[in-house]
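Open the model in your viewer and keep the selection panel handy. We will go from stop to stop, and at each one I will say what to select and what is there.

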Amino acid sequence: MELGPYILLASLEGSVTAAVLALTAVGLSLVFGVMRVVNIAHGEFFMLGAVIAWFVAHSLGGNAALGFAAALIIAPLLVGALAIGADMTILKRLKYDPERTIVATIGLLYIIQQVTLMTYGPEARPVEAPFNTRLAIPWFEWGDDGFSLYWPWGLSTTSYKLAVIGAAITVLMGVWVLMTRTRIGLVMRATQADRDMALAFGIPVERVYAMVFGLGAALAAFSAVLIVPIQQAHYLMGADPLLLSFIVVIIGGLGSLPGTVLAAVLIGLSDGIISVFFSPTLAKILATLLVGLVLVFRPHGLFGVRNG
Amino acid sequence: MLELRGVNAGYGRAQILRDLSLTVRRGEILCLLGRNGAGKTTTMQAIMGLLPLMSGSVHLDDQEVSALSSHEIPRAGIGYIPQGRRLFAGLTVAQNLEIGLRARNSGPEVLDDVLSLFPRLRERYRQRAQTLSGGEQQMLATARALCLQPKALLLDEPTEGLQPSMIEAIRQVIVKMRETGVAILLVEQRVDAVLSVADHVAFIENGRKGAVFPAAELQADHSIVERYVGV
């Protein structure tokens, strides 16, 4: 097989990574942008989404599609509710102080992780995809008799992977509409711009914060449900998405949603391609190097806004 | 009527305001004069509930607003025009005004009234707030507060860094608000600009209230101002 099909295959795998990463990172970016809280527990909300998806699918048994659909709704709602509870009982009492919330969310990370280990256990468990048809992809060649298509061996994807990309794009567009076209989005952006002035104009900032924290966690949980048929649910699975989300959010510019999505596509695709041709470790090294370069040359990220 | 009764407040353990009592009647402009760091801006933040009171209380008409949570204080009818404007960056003129309108569920006729006071904002309606000129930003900050149909209005250095024509426009709006019976608390550095518009002037020093004079009296005898503010 020539080089072209390999690159196509790698980009397809990379797109799935990018889609899930974009959703997770947008959650982290929203929380940082509006609340100025660096949420170290974000990866654990992701992990909880996957674990809850397994519980839901497992207890419903029978039909894979039904169990998965239920998980897609229940997991983000439960995780969002848990995050709102954590916001009201912990972060609010710390007055959203930037340093103390970092320590608090580190604590939250270990609590969630250990409780999951004690209840769900150390096994990695799969959730069955609702549909999973193998789709062969054609490639073209210039033969003796001109242009022709053929199906190289191994060049394929699954209908589920394409659906993951589609679902992620749909939800991201939903978040965009929420932020730019709705009343709640306006209130969230005003709070992000100036917290004290938001208060001075009657915006219940604490309620906005609780909602944003819940929404951020729900986005992480949603993307975890999407990935769990490909990756399996495990109590330590939150570390990688957390690290990659931070990389993406820093490159894209803290608090900038378009920057976050663009950086996720960049990191996801390059991760896929570099992992196929070289090694996954090299992909991580290059991503981290990129973060370093961005921090040196554009400290506010590619799309970051300098705040007064 | 806006009334502060024995207010003590500060940042953390650093107390700024000490037993500060002030009264601003409806249809009156009271100006706070004092040196830098005397506690003028802190007074306004304390009224808005942006810093916690150590003791004392703030009343608007018969309501004790200092007992409300911070976001409910503007809903009681206090409009705040902070120093440095502090518009919602990234939001358009229309969206900044919308935030103001929603605070007290003001209707579209309020928006019309406010925009007729500042026709310039109508031209800039879809522009982002940070792209406006300094004077236009001050107009927007004022308009945003007027969207609350406030019973009391707090203005913190509204003419800072503006050209004379803008200062005059802002001044006229303040006088118009006084005519409609709004209680106005004004902080201003430029003494001359103040004396022509204020009814009373209260001096503030180290967070304590000094004497209160009718503005006319200060206009007649300028030495009082120099004694307190020491220019």
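## First stop: P74(B) and its contacts

Select P74(B) and show what surrounds it: setting aside neighbours within four places in sequence, P74(B) is in contact with L199(A), A200(A), F201(A) and G202(A) from chain A, and with M48(B), R104(B) and L148(B) from chain B. Bear in mind throughout that this is a predicted model. P74(B) sits in helix α2 of chain B, residues 73-77. Is P74(B) buried or exposed? With a relative accessible area of 0%, P74(B) is buried.

## Two helices of chain B

Select helix α3 (residues 93-103) and helix α6 (residues 134-146) of chain B, which pack with their axes 7 Å apart at an angle of about 30°. Angles under 35 degrees count as roughly parallel, and α3(B) and α6(B) are therefore roughly parallel to each other. Their crossing is right-handed. To see the contact itself, show V93(B), N96(B), L97(B) and G100(B) on α3(B), then L140(B), A143(B) and R144(B) on α6(B). Colour these residues by type and you will find four nonpolar, two polar and one charged.

## Two positive phi values

Next, follow chain B past α6 into the loop that runs between α6 and β7 (152-156), where Q149(B) lies. Its phi is near 45°, a positive value in a residue other than glycine. For background, most residues other than glycine have a negative phi. Q149(B) is partly exposed, at a relative accessible area of 48%.

Then move to E157(B), in the loop between β7 and α7 (164-179) of chain B. E157(B) is not a glycine either, yet its phi is positive, about 50°. How is E157(B) placed, buried or exposed? E157(B) is buried, with a relative accessible area of 8%.

## Helix α1 of chain B

Select residues 40-47 of chain B, which form helix α1. How many of its eight residues are buried? The answer is seven, and the helix is mostly covered. Highlight K40(B), T42(B), T43(B), M44(B), Q45(B), A46(B) and I47(B) to see the buried ones. Step just beyond α1(B) to reach G49(B), a glycine with a positive phi of about 75°.

## A buried glutamate and a core valine

Stay in chain B and pick E28(B), in the loop between β2 (14-24) and β3 (29-33). E28(B) is buried, with a relative accessible area of 7%. Apart from neighbours within four places in sequence, E28(B) is in contact with T23(B), R178(B), V182(B), A183(B), I184(B), D199(B) and H200(B).

Now select V201(B). Leaving out residues up to four places away in sequence, V201(B) touches L30(B), C31(B), L33(B), V194(B), L195(B), A211(B), V212(B), F213(B), A215(B) and L218(B). Together with M35(A), V201(B) touches the most other members of the largest nonpolar core, which has 174 residues. Helix α8 of chain A, residues 205-231, gives this core its largest share, 15 residues.

## Across to chain A

Pick R36(A), in the loop between α1 and α2 (42-60) of chain A. R36(A) is partly exposed, with a relative accessible area of 34%.

Go on to helix α6 of chain A, residues 183-193, where G185(A), L186(A), V187(A), M188(A), R189(A), A190(A) and T191(A) are buried. Which elements cover them? The cover includes α1 (3-35), α5 (159-181), α7 (195-200) and α8 of chain A, along with α3 of chain B.

## Last stop: α9 and α11 of chain A

Finish with helix α9 (residues 239-252) and helix α11 (residues 280-297) of chain A, whose axes come within 9 Å and cross at roughly 35°. This crossing is left-handed. Show D240(A), I247(A), I250(A) and I251(A) of α9(A) against K284(A), A287(A), T288(A), L290(A), V291(A), V294(A) and L295(A) of α11(A) to display the contact. By type, these residues divide into eight nonpolar, one polar and two charged.

Terms used. Residues numbered from 1 in each chain as written. Chains lettered and ligands numbered in written order. Predicted model: local features only at pLDDT ≥ 70, side-chain atom pairs only at ≥ 80, totals over all residues. Heavy atoms only, no water. Axes fitted to C-alpha atoms, helices over the stretch in contact; angles between N-to-C directions. Helix = DSSP H or I, 4+ residues; strand = E, 2+ residues; numbered from the N terminus. Parallel < 35°, antiparallel > 145°, perpendicular 65-115°, else oblique. Left-handed = near helix turned anticlockwise from the far one by under 90°. Contact = heavy atoms within 4.5 Å. Nonpolar A, V, L, I, M, F, W, Y, C, P; charged D, E, K, R; others polar. Core = buried A, V, L, I, M, F, W, Y, C linked by side-chain atoms within 4.5 Å. Buried < 20%, exposed > 50% of the residue type's maximum accessible area, 1.4 Å probe, protein only.
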